[in-house]
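Please look at the sequence and the fold shown below.

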Amino acid sequence: MVTVRLPDTARSGRTAAAAVRTVLGDIAPARLGLCDAHDHLFLRSPQLPGQELESARAAADELAAFHAAGGRSVVQWTPYGMGRQAGRLPELSRAAGVHVVAATGLHQAAHYAPEALERLRREGLADVFIRELTDGIGHSGVRAGVIKVAGGFHCLDAHARWTMTAAAEAHHATGAPIAVHLELGTAGMDVLDLLCGELGVPARRVVLGHLNRSPDPVVHHRAAEAGAFLAFDGPSRAHHATDWRMPDAVRSLADAGFGDRLLLGGDTTTADARSVRGGPGMPHLLRGVRSRLELAVGAELTEQMLTVNAGRAFAVEWSGGDA
Ligand SMILES: [Zn+2]
């Protein structure tokens, strides 16, 4: 596959500048603008029956609403086999004027048919991830820009260890960042022990999601101290009990000097959570969440979390393939 090297990524010799891999190509991190660092345009899982994000029309409308609120980029954390609709993403991105990053990776076993996992085992999971990051997802030609994996509730089972081992291998082959779903915000340190301690992934290439669902400041600070990015995402009806504590968690981390590794996302996982269906959806990040955080940590840091930090988290020096 021949890839046109965009001016943003060009540099002399073999060293590429750090770039965010979007569905329309690699871009300089400064071009991200206001970024929703964790969200979903498409999502399908047997765990969320009747709530699938499958409508391209609804995805386009939600993206347009996000753009109208000032949003310019979104990272979709929908991994392999969960209805990503990668082939539709370039047109959606172009139409809305919003950069979109797609994901490879694998969620918890419960989201898949056993046969699908068996097939991936035979194929080699790391090879699948690497192919999606360098050649593209299926026949779409759309390359993933992040590897999404998941932990379990206060533990990492054999499936999590398998997927994280493959994610680490794909990271080492490509440079791709790894975004982690923490089940109810737990097991973050176990994830860092495995990915960084055992498997040699630099902590600054790991984004931990959902820490707001377990608002233990000690764990938050330890994860930040280790060097990982912390993505606070929501709100959601399911996690309302902890969502409202997010501004305090962010302020505590900022006060400790970790403001440079905090990210914000909407994590819209059901059709009813979308703004175009009467929920908060993606625009809420730039209206409700932003204004509330400005009260907690000021406008400057809030803006930095939504722009500069996202660029630092998702821009890497890509290698592998013909990137
Ligand atoms: Zn998510």
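Apart from neighbours within four places in sequence, Val206 is in contact with Ile178, Val180, Leu192, Leu195, Cys196, Val201, Ala228 and Phe229. Contact here means that the C-beta atoms of two residues, placed from the backbone, lie within 7 Å. This is a predicted model, in which local features need pLDDT of at least 70 and side-chain atom pairs count only at pLDDT 80 or more, while totals for chains, interfaces and linings use all residues. Residues are numbered from 1 along each chain as its sequence is written.

The largest nonpolar core has 93 residues, and Val206, Leu208, Leu230 and Leu263 touch the most other members. Helix H5 (residues 158–174) gives this core its largest share, 6 residues. A nonpolar core is a set of buried Ala, Val, Leu, Ile, Met, Phe, Trp, Tyr and Cys residues joined through C-beta atoms within 7 Å. A residue is buried if 20 or more other C-beta atoms lie within 10 Å of its own, exposed if 12 or fewer, and partly exposed in between, with C-beta atoms placed from the backbone. In soluble globular proteins, nonpolar side chains tend to be buried together.

## The sheet of 6 strands

An open sheet of 6 strands runs in the order E6-E7-E8-E9-E10-E11, and its pairing is parallel. Its edge strands, each pairing on one side only, are strand E6 (103–105) and strand E11 (262–265). On average, neighbouring strands of this sheet are turned by 30° against each other, direction ignored. Helices (H or I, at least four residues) and strands (E, at least two) are DSSP runs numbered from the N terminus. Two strands pair if DSSP finds at least two bridges between them.

Between E7 and strand E8 (residues 178–181) there are 4 bridges in the parallel sense. Helix H6 (residues 188–198) packs on the sheet and touches E8 and strand E9 (206–209), and its direction makes about 160° with that of E9. Helix H9 (residues 246–255) also packs on the sheet, where it touches strand E10 (229–233) and E11, and its direction makes about 160° with that of E10. For these angles, axes are lines fitted to C-alpha atoms, for helices over the stretch in contact, and values run from 0 to 180 degrees between N-to-C directions.

## Lys148

Lys148 is found in strand E7 (residues 146–150) and stands opposite Ala179 in E8. Lys148 counts as buried because it has 29 C-beta neighbours inside 10 Å. Leaving aside neighbours within four places in sequence, its contacts are Trp77, Pro79, Ala103, Gly105, Ala179 and His181.

An unreviewed UniProt entry carries the annotation "modified residue: N6-carboxylysine" for Lys148. UniProt positions are given in the numbering used here, feature names are shortened, and annotations may be inferred rather than shown by experiment.

## The sheet of 3 strands

Another open sheet has 3 strands in the order E3-E4-E5, with parallel pairing. Strand E3 (35–39) and strand E5 (99–101) are the edge strands, each pairing on one side only. Neighbouring strands here are turned by 15° against each other on average, direction ignored.

E3 is joined to strand E4 (residues 73–76) by 3 bridges, and the two run parallel. Asp39 stands opposite Gln76 in E4.

The buried residues of helix H2 (89–96) are Leu89, Leu92, Ser93 and Ala96. Seen down the axis of H2, they fall within an arc of 100°, so they line one face of the helix. The arc is that of the directions from the helix axis to the C-beta atoms. Arg94 and Ala95 are exposed on the other side of H2. Helix H1 (56–68) and E5 are among the elements that cover the buried residues of H2. Gly97 follows H2 and has a positive phi, near 70°.

In helix H7 (residues 217–226), the buried residues are His220, Ala223 and Ala224. They lie on the same side of H7 because they cover an arc of only 100° around the axis. Their cover includes H6, E9, E10 and H9. After H7 comes Gly227, with a positive phi near 110°.

## Backbone features in loops

Gln85 is not a glycine, yet its phi is positive, about 55°. Gln85 sits in the loop between E4 and H2, and counts as buried because it has 22 C-beta neighbours inside 10 Å. Ala187, in the loop between E8 and H6, has a positive phi near 65°. Ala187 is buried, with 24 other C-beta atoms within 10 Å.

A cis peptide bond joins Gly234 and Pro235, with omega about 10°. Pro235 lies in the loop between E10 and helix H8 (240–243).
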